[in-house]
Amino acid sequence: MNAASEKTPAEQLLTPVQYLKGLGPQRAELLERLGLRRAADLLFFFPRSYQDMSELRTIPQLEANIPVSVCGEVEEIDLRNTGPGRSMLGVLIRHESQFLRALWFNQPHMRQKFEVGGRVLLSGKPKLNGLRWEMTHPRVEVLAAGEDPPSGRILPMYSLTEGITQPAMRRIVGSIANSYAEAVEEVFPESFLADKKLLPIADALRQIHAPDNNEQMEQARHRFIYQELLLMQLAIGLRRSKLQLEQRSPSLPTNAKIDARIRRLFPFELTEDQQRAIADISHDMEREYPMNRLLQGDVGSGKTVVAEYSMLLAVAHQHQAALMAPTELLARQHVRTLARDLRESRVRIALLTGSLSAAERRTTLEQIAAGEIDLIIGTHAIVQPDVKFKQLGLVIIDEQHRFGVNQRAALRQAGLDPHYLVMTATPIPRTISMTLFGDLDVSTLKQTPPGRQPVHTYLGEEDQRAKWWDFFRKKLREGRQGYIIAPLVNESPDLEVESVESAYENLANGELEAFRLGVLHGRQSTEEKEAIMQAFNSGELQTLVATSVVEVGIDVPNATLMTIEGGQRFGLAQLHQLRGRVSRGSHPGYVCVYASANSEEAQQRLQAFSRTTDGFELAESDFQMRGPGDLFSLKQHGLPPFRIADLTRDADIVEEARTDAKRLLEAAPNLDAEEFALIKQRVLLRYGGAMELGDVG
Ligand code: ADP
Ligand code: MG
């Protein structure tokens, strides 16, 4: 009796790799390294690219600059050094009696791919050099002995691991696709497939691994990209309705009296954007389920006052509000701002950070629990389990990008849930805010407060340093203040301190000898840092020599000068944050970045930085240059990675999936309809844990 034949299709898909036809324990071990354990994993192991073999040509058929593939035998390999760290690899390929030379510059490791007499397939754009055809940096596929180049097909290219070649991987996945594609159940109803013009799943699986033509390949890819993004949007939608259904928050409405009482405290008129954000927030806080709002606004756009309004709205209803900042420095600055605005009121403020003594902490916690404190400002110390609030109505997280879809649990208290407001100066590209922050509503501050002067950004030239320092000193004499940012040292905090201190020594005995300088870095004690910030705030210190600790949030409007050293080490977002420190008052700001000639990427970054001061534009171009990066990675947000979708490339499909998900959830709340049962199952399988959808099912 054959046990396999009794298995249902679903069970067959779960067959461990080592029991699959043609595979065994050895291969299984190799595939395991790619996370491939069962038949279904192989089936959904999508190619990362394709090679179009329908473009296979013989050498006499080549035309300059028309991309083609050429198959031939390696005749000669020639690797030479052409300078320090530079090399040129030439590989001569023969097909019948014709030759083509492949060239790689500064990629000596490519040498290992070739063996004289071996057969290879090269793809790229040929060029005629004299009488010989050449290809620079072609794509290479090494063919096994006796293996013919596959003909007339579009070949999938898979991620590999050592011990498995591309042709072997193709055979393995191809054979699984042949025998198992039919076993996979379609998740979409037929009418939905027709409506969205999506390939049915079995076809899509076959076409993605062995496309008949380019169009089929694109359609197959589209189906899976769409499916993946739709599932995510459905998960986000389910979570949103679950929260609205289950979580209860206090209703904290504003009214004319409260509004007037709060506004009276601010030393300036609010901008229209600030008013709009406050209106959004007031509207959210009036409802009986938690606000989940993201307030994004470029550095200096004035988010703090919006936070302040929201907190005072909670206090007006006898609720507490907590404000969490990423650093103690920033938390203390918020306390200063609030204390200034609230000096005539009875609102009670406490600072809660890691640097409190045990006794101070105990007293503060007691007061918080007894409701004797209204506003709690602090760092992560606020989310420790021993912090009990009397009646927490609002939590604000400042300068945070990590507060994604699943991380609010830490602040959940017994009883009612507080409202949440997350603030960030790192503008979030739209596709990201629709996915990682998908269940957050967004308010944006685009305007800067009135009277702001522009910031001028210069890329410093070494032989012009004297001029810059002349200018710097002139501005200090006029009463302005400045920052010197020492190069970023990632390897160790000690080296970083050294770098700041030596910069300080040099300046104090050199260019800025005549001025009052201070040093600020991460290794100082809280008291030290605080004392220095106070001195800088009051103007007693004229210039701070600092590490990028001043990057986030520091607000000293009179500081308008900044020298950044080692600019090539900073990312675009970081540079922009730094620049934000000198664009906060009524005097124009001046930033000069010195960078040692570095990679092309660093050049591009610095160019982009000097070209625009629009943080949203910079964030988009950073996103285009580098993709979502760590901050916005799915992993960082505790979500499973995509198999095929790509948030940079597939922005349009994200929008489409979002619209469709909304529509489906309106038609079938909670996806409770027979025809969506399978989709729902998939959503829960993939996102149930990460998004705490547990009991939606
Ligand atoms: P960020 O959005 O970077 O947190 P802040 O809230 O620190 O910005 O505001 C930057 C500066 O602008 C602060 O000095 C603040 O007092 C000032 N500011 C904010 N809103 C206004 C306004 N409407 N009019 C004038 N100044 C404002
Ligand atoms: Mg701020």
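How many bridges join E18 to strand E23, and do the two run parallel or antiparallel?

Modeller: Keep in mind that this is a predicted model. Five bridges link E18 to E23, which covers residues 589-593, and the two strands run parallel. To get your bearings along that pair, look for valine 455, which sits opposite glycine 589 of E23.

Now zoom out a bit. The pair belongs to an open sheet of six strands, ordered E18-E23-E22-E19-E21-E20, with parallel pairing. E18 (455-459) and E20 (517-520) are the edge strands: each has a single partner strand, so one side of each has no neighbour in the sheet. Going from one strand to the next, the twist averages 15°. Helix H19, residues 600-611, packs on this sheet and touches both E18 and E23. Its direction makes about 155° with that of E18.

While you have the model open, have a look at a helix pair as well. The axes of H9 (residues 256-263) and H11 (residues 303-316) come within 10 Å and cross at roughly 130°. Angles over 145 degrees would count as roughly antiparallel and 65 to 115 as roughly perpendicular, so H9 and H11 are oblique to each other. Their crossing is right-handed. On the H9 side, the contact is made by Ile258, Asp259, Arg261, Ile262 and Arg263, and H11 brings Tyr309, Leu312, Leu313 and Ala316. By type, the residues of that H9–H11 contact come out as six nonpolar, three charged and no polar.

Technical notes: Residues numbered from 1 in each chain as written. Chains lettered and ligands numbered in written order. Predicted model: local features only at pLDDT ≥ 70, side-chain atom pairs only at ≥ 80, totals over all residues. Heavy atoms only, no water. Pairing = 2+ DSSP bridges. Helix = DSSP H or I, 4+ residues; strand = E, 2+ residues; numbered from the N terminus. Axes fitted to C-alpha atoms, helices over the stretch in contact; angles between N-to-C directions. Contact = heavy atoms within 4.5 Å. Parallel < 35°, antiparallel > 145°, perpendicular 65-115°, else oblique. Left-handed = near helix turned anticlockwise from the far one by under 90°. Nonpolar A, V, L, I, M, F, W, Y, C, P; charged D, E, K, R; others polar.
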